[in-house]
Amino acid sequence: MLRLAARSAKPLTALRSASRTFATSRCVRSERSPASLDTFTEEEQLLRESVRRFAVDVVGPKVREMDENEMMDPSVIKGLYEQGLMGIETSADHGGAECSFTSAIIAIEELAKVDPSVSVLCDVHNTLVNTVIRKYGNKEQQDKWLPLLAESKLGSFCLSEPASGSDAFALQTRAKKEGSHWILNGSKMWITNSYEAEIFLIFANASFRCPMFSVSMLTILQQIDPSKGYKGITCFIATKDMGVQIAKKEEKLGIRASSTCTINFDDLKIPEENVLGGEGKGYKIAIEILNEGRIGIAAQMLGLAQGAFDKAVPYTFERKQFGQPIGTFQGMQFQMAQAAIDIETARLLTYNAARRKEEGLPFTKEAAMAKYWSSVVAQRVSGQAIEWAGGVGFTRETGIEKFWRDSKIGAIYEGTSNIQLQTIAKFIQKEYS
Amino acid sequence: MRPSAARLLNILVPVKRAVDYSVKIRVNPQQTGIDTNVKHSMNPFDEIAVEEAIRLRESLGASVIKSIKAVTIGPPKSVDILRTALAVGADSAVHVALPESAPSPEPLAVAKTLQALIKKAGDGESKVDMVILGKQAIDDDLGVTGQMLAGLLGWSQATFASKVEVDEAKGEVVVTREIDGGGEEVRCKLPVVITTDLRLNEPRYASLPNIMKAKKKPVEKFSPEDLGVDYTPQLETLKVTEPPKRVGGGKVASVEELVAKLKEAGVAAA
């Protein structure tokens, strides 16, 4: 809270010249000296410790069961709400904890060290749903929806469709205005949290209001207008009881406890006051929010890698072969050292991107790098973790193999790895050509 | 006739920053102590103490319990456990600051410090009525501070508490103590020193909104001179070693063999 106040009081020029200073952070030596990338405020450290304990004590015992049953335990979701982890950046007036973006990243990382499924539930809810309403909602919408989201209702972000993933804005869900309501028709696919969610942010293509100067048939505007391309895309807030139909729940390789469903809208009626940010603003909202969300996924993958590492390495110092713990063999040691380096690089990329965003600096390239790299590291380290634990690592009992299965999605959702590389390359081209 | 106004109770919770329970302890090369360059956190029994104070307030209400104050004695980094105590529900905290290089204070010095603080609080509104602390710290396992404090103050003491009930009208507490034979119920007049045992409660996690609220809660600082306590160690640690490594056992084929081995080891009568 102090940090936010300090930022708004400082002029932007001071911010930029001060590079990486955190004026209200108690762990910086002086206001002007840059701090190392693993510098955190006291509150952030307390938060990390608190979430870590919650994750280990409350989530930990349920991880295997939730994975085998492909179902999130309601008590885990309830626990997240009770810990105040579902409104991390939301203002206190709206029932949130009013913490920094980095605090959210810390919470996501700590949860992922124990269960990446729980982590992604918290990530999508905070960095996508909460942030969209906070940034683009008008006062009435913020007052109405943010407290519900912070206290008890789970949110879901509905952009992808069967025919549009990376090409997100080729979406086909249509919205047409009828009086004071919008009628939505279409389907969304691959929607995280959808099974448990009560609040849905839906991106649909709406028509624009053409000026009523022509009486030609074309301007009778009850028609869909996907020909306007992405310019028609609008973000709508819907609740489950408006008639959102949860259809097929996907059976996945990993993050099985995180619900991923197809949802259908069959003449779904949404009041006009539920349009977020204005008609046709959906493209901008989605592009900007997915940038931030990328850092959240980077944190999830980072936590995953760390969790797998933390589970497997102690085992290597207990397991003895040829008279010594296998963790003392040089071959193993070199592998563990390289994995530790990988994790450290992912950590620095992730937290630097988070701090850049907090400071108002451009962070698109850094966020793409963090997400891409963290997912690579997660795959690599979790795979190694299985091998270090040998046969035991291959069984489902220790939970090490679960990290490897969970890691695969990192290269796919919230922007595939190829898309991330393309994003980064665009910056390079711009700079060098 | 004016009814005697029951004064609101103030609870003091001393907490210690100790080596975290999950750390694998290693003896230092000089064999003078353990490697303390490891993770530290609040002594688990002290966490239980903080939790109990908060639960008492939750069940009795703010009309009975006025304040919960956490106190720690140690170097500057000890303040982090005070923040944790504030984040789970303590109202204010006190840090008795020792220099970074100072050795860990001994129980008698700790007890004298607490006595001095209680004396400073006086007999009015801030009078301390209950001191709740862990039965022992998990680094030295001495388990004497609470008892010494009660002795110095001349207060009732109820140690190894597994249940605490406050009867504010009578000015008494009823504590169930864990003893070897089971449980012992003692009734103590306030003021009282209570030390917590494992089964008293399960501490809560500091939720995020409470962590943020904790920032605004006051932390008072004192130096040893302010309180007139001497922290010079009375004890000198001569040597610290690891316990002998466990050697594998052996399997016996029959009861006779077992008895024979026991006789050999000198454990059973010949």
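Let's start at A:Phe54, which is buried, with a relative accessible area of 2%. Do keep in mind as we go that this is a predicted model. The label "buried" applies to A:Phe54 because its 2% falls under the 20% cut-off.

A:Phe54 has an aromatic partner on the other chain. Its ring and that of B:Tyr205 make an edge-to-face pair, with 6.0 Å from centre to centre and 90 degrees between the planes. The pair crosses between chains: A:Phe54 belongs to helix H3 (residues 42–59) of chain A, while B:Tyr205 sits in the loop between strand S10 (192–196) and helix H5 (208–214) of chain B.

The ring centres of A:Phe169 and A:Tyr283 are 4.3 Å apart and their planes meet at 70 degrees, so the pair counts as edge-to-face. These two residues link distant parts of the chain, being 114 residues apart: A:Phe169 is in the loop between strand S1 (155–158) and strand S2 (174–178) of chain A, and A:Tyr283 is in helix H9 (residues 282–318) of chain A. Is A:Tyr283 buried or partly exposed? At 29% relative accessibility, A:Tyr283 is partly exposed. Over all chains, a search of the whole structure turns up 7 aromatic pairs.

In soluble globular proteins, nonpolar side chains tend to be buried together. Here the largest nonpolar core has 71 residues, and the members that touch the most others are A:Leu85 and B:Met130. Helix H1 (residues 44–60) of chain B gives this core its largest share, 7 residues. There is also a second, separate core of 64 residues, with A:Trp145, A:Leu159, A:Leu201 and A:Leu302 among its members.

Next, follow the strands of chain B. Strand S4 (residues 65–74) is mostly covered, with 7 of its 10 residues buried. Strand S1 (residues 9–14) of chain B pairs with S4(B) in the parallel sense over 6 bridges, and B:Ile11 stands opposite B:Ile68 in S4(B). S4(B) also pairs in the parallel sense with strand S5 (residues 92–97) of chain B, over 6 bridges. There, B:Gly74 stands opposite B:Ala97 in S5(B). To get from S4(B) to S5(B), the chain passes through helix H2 (residues 79–88) of chain B, and this β-α-β crossover is right-handed.

Further along chain B comes helix H3 (residues 107–121). Among the buried residues of H3(B) are B:Pro107, B:Val110, B:Leu114, B:Leu117 and B:Ile118. Just after H3(B), B:Gly122 takes a positive phi of about 80 degrees.

A:Ile246 is partly exposed, with a relative accessible area of 27%. Beyond residues up to four places away in sequence, its contacts include A:Tyr195, A:Phe200, A:Lys240 and A:Ile263. A:Gly307 is 61 residues from A:Ile246 along the chain, and their C-alpha atoms are separated by 32 Å.

Key. Residues numbered from 1 in each chain as written. Chains lettered and ligands numbered in written order. Heavy atoms only, no water. Core = buried A, V, L, I, M, F, W, Y, C linked by side-chain atoms within 4.5 Å. Buried < 20%, exposed > 50% of the residue type's maximum accessible area, 1.4 Å probe, protein only. Helix = DSSP H or I, 4+ residues; strand = E, 2+ residues; numbered from the N terminus. Pairing = 2+ DSSP bridges. Right-handed = clockwise from strand over helix to strand, strands pointing away. Phe/Tyr/Trp six-rings, centres within 6.5 Å; stacked < 30°, edge-to-face > 60°. Contact = heavy atoms within 4.5 Å.
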